[in-house]
Amino acid sequence: MLLTLRTRLLRVTSLVTTAIGFGIVAAGISTQPVMSLFCGSISSTSAWILSLGAFYYGYNVGLGGYLIGGALACAACGVIGSPLYLIKSLIGPKQPEPQVKMVKVKEASVKPKKGFVATTVRAITRPFFRLIFLVLGILDTIIATSFLDKRGATKEDRNWFWNQLYEKDEDYYEYEEVYGGEVQNDHPEELWIFCNGIMNELDAAKGACKKITEMFGRPCKLLHNPTDGPILDLLECLMGKTGLFRLGCTGPRKLLRNILDKEMKKDCYKKIVLVAHSQGTIISGNVIADFNDRIEDKEKYTVEEREVIKKNMSKLEVYIFAGAAHYMSGKYVSHLECLSNRGDVVAVLGHIFPNILKKVWRNTRGNGIIYDHCKDHVETSNWGHSFIPHYLAPLENGCFSGSKLATEYWLKNSQEKNESETSPLISK
């Protein structure tokens with residue numbers, strides 16, 4: 001009798017907490033006018049806690065299957081944002097393309113494409129071999145050995161070997177390649193670079209650069225982090241985040257490090273602004289860690305060399321959206337900001353991971369999640385992970401109001417946006 005009563009109480013509790021949890025989720029995930037009018041101020045943290053509580057009770061009384069589905073739905077909302085937004089994006093009017101001021105428009109150069117057979121073979125074989133290579137990389141890290149050791153290979157040889165396996169089709173795109181012509185640049189003393197996240201094709205990444213230019217009035221170069229599909233992209237995120245690349249590093253990380261190393265030395269730039277999203281924050285965090293290691297390595301670098309690196313780093317401003325990185329330090333950069341939606345599942349795994357647990361989740365260097373010397377901007381009622389609809393669009397609507405992007409760079413004045421009416425516009 002007591003067991004039956006207990007079971008019934010658990011079922012009732014499960015249903016009530018589930019209803020409350022999903023109710024708050026339904027309110028908190030949106031910045032939609034109707035829902036926000038009534039419930040938009042409710043912290044989405046409460047939704048996570050209640051949903052997990054509902055899952056716990058449901059699991060004990062045999063309702064786990066239904067609640068697992070509900071939890072996955074909540075996680076999906078944390079990526080795609082509000083269901084209302086998704087419906088609107090599917091059946092609503094198409095959003096206008098970003099408008100960028102151009103000095104001279106020309107046909108964008110098209111890189112020669114591989115033949116149909118070569119493209120097909122590559123599409124079939126590349127994911128398979130990439131998966132094998134990444135698994136080998138993980139095993140090499142965990143067991144701290146490699147078949148190359150048996151041949152007496154040096155560390156440099158091993159690094160070369162793993163670098164070949166980690167190579168992608170990453171590339172660095174100049175202004176003309178991003179915008180399809182000579183773009184108007186009212187701030188030539190600044191260099192803006194965008195590093196995209198997972199599942200971003202080239203056109204989407206270029207579109208993000210154009211939106212950055214439309215909002216902040218600065219042309220933006222692109223470090224494209226190409227996609228290998230969701231599974232491999234997520235595996236790369238895991239390896240990059242936890243330090244499982246014991247030897248070598250991914251192509252995008254190496255490329256960004258080389259680019260910043262070169263650009264920061266140029267006297268023509270007084271400021272270099274790095275904008276990163278999702279997996280791009282992991283890449284950026286690792287590159288910043290590489291530079292910080294150089295500054296603090298007294299054995300390998302002289303005092304003069306370390307001072308030069310520190311001086312160059314003082315030019316760098318970094319803006320992290322949906323930070324998934326394990327390490328993000330603004331110790332030596334000029335300015336670092338981390339912007340996240342509280343309901344963004346990816347950001348929960350990095351930037352807004354519970355503080356009391358950050359020291360528990362350690363990487364292969366023995367460090368917990370580190371975000372220091374940075375300004376945090378977290379929208380407690382916002383959900384969604386996409387760069388433009390869930391971050392830049394809310395910024396235009398007044399979110400992240402304390403960010404330097406909003407207070408200093410955002411072109412609020414429409415007259416300033418259109419100060420050159422004779423300049424042609426591009427929305428390609």
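# Reading salt bridges and a helix pair

Mentor: Start with E408: at a relative accessible area of 45%, E408 is partly exposed. Buried means under 20% relative accessible area, exposed over 50%, and partly exposed lies in between (1.4 Å probe, protein chains only). The model is predicted: local features need pLDDT of at least 70, side-chain atom pairs count only at pLDDT 80 or more, and totals for chains, interfaces and linings use all residues. Residues are numbered from 1 along each chain as its sequence is written, and side-chain values use heavy atoms, with hydrogens and water left out.

Trainee: Which side chain does E408 meet in a salt bridge?

Mentor: The general idea is that side chains of opposite charge can pair when their charged atoms come close. A salt bridge here puts a side-chain nitrogen of Lys or Arg within 4 Å of a carboxyl oxygen of Asp or Glu. E408 pairs with K404, at 4.0 Å from N to O. Both sit in helix α16 (residues 404-409), and because they are four residues apart, about one helical turn separates them. K404 is buried, at 19% relative accessible area.

Trainee: How many salt bridges does the structure hold?

Mentor: There are 15. Take K211 and E214, whose closest N and O atoms are 3.0 Å apart. Both belong to helix α9 (residues 202-216), three residues apart, about one turn of the helix. K211 is buried, with a relative accessible area of 12%. E214 is partly exposed, at 22%.

Trainee: Which salt bridge links distant parts of the chain?

Mentor: Look at K331 and E296, whose side chains meet at 3.2 Å, N to O. K331 lies in the loop between β8 (327-329) and β9 (335-343), while E296 is in helix α12 (residues 279-296), 35 residues apart. Both ends count as partly exposed: K331 at 43% relative accessibility, E296 at 42%.

Trainee: How many helices and strands does the protein chain have?

Mentor: There are 17 helices and 12 strands. These are DSSP runs numbered from the N terminus: helices are H or I with at least four residues, strands E with at least two.

Trainee: Which residues make the contact?

Mentor: Contact means heavy atoms within 4.5 Å. From α10 come D233, E236, C237, G240 and K241; from α12 come Q279, I282 and N286.

Trainee: Buried or exposed: how does M215 count?

Mentor: M215 counts as buried, at 0% relative accessibility. M215 lies in helix α9. Leaving out residues up to four places away in sequence, M215 touches L392, L395, E396, Y409, W410 and L411. M215 and L405 are 190 residues apart in sequence, yet 9.3 Å apart in space, C-alpha to C-alpha.

Trainee: What share of the residues in the protein chain is buried?

Mentor: Of the 428 residues, 46% are buried. Among contacts with a separation of 6 or more, 77% join residues 24 or more positions apart.
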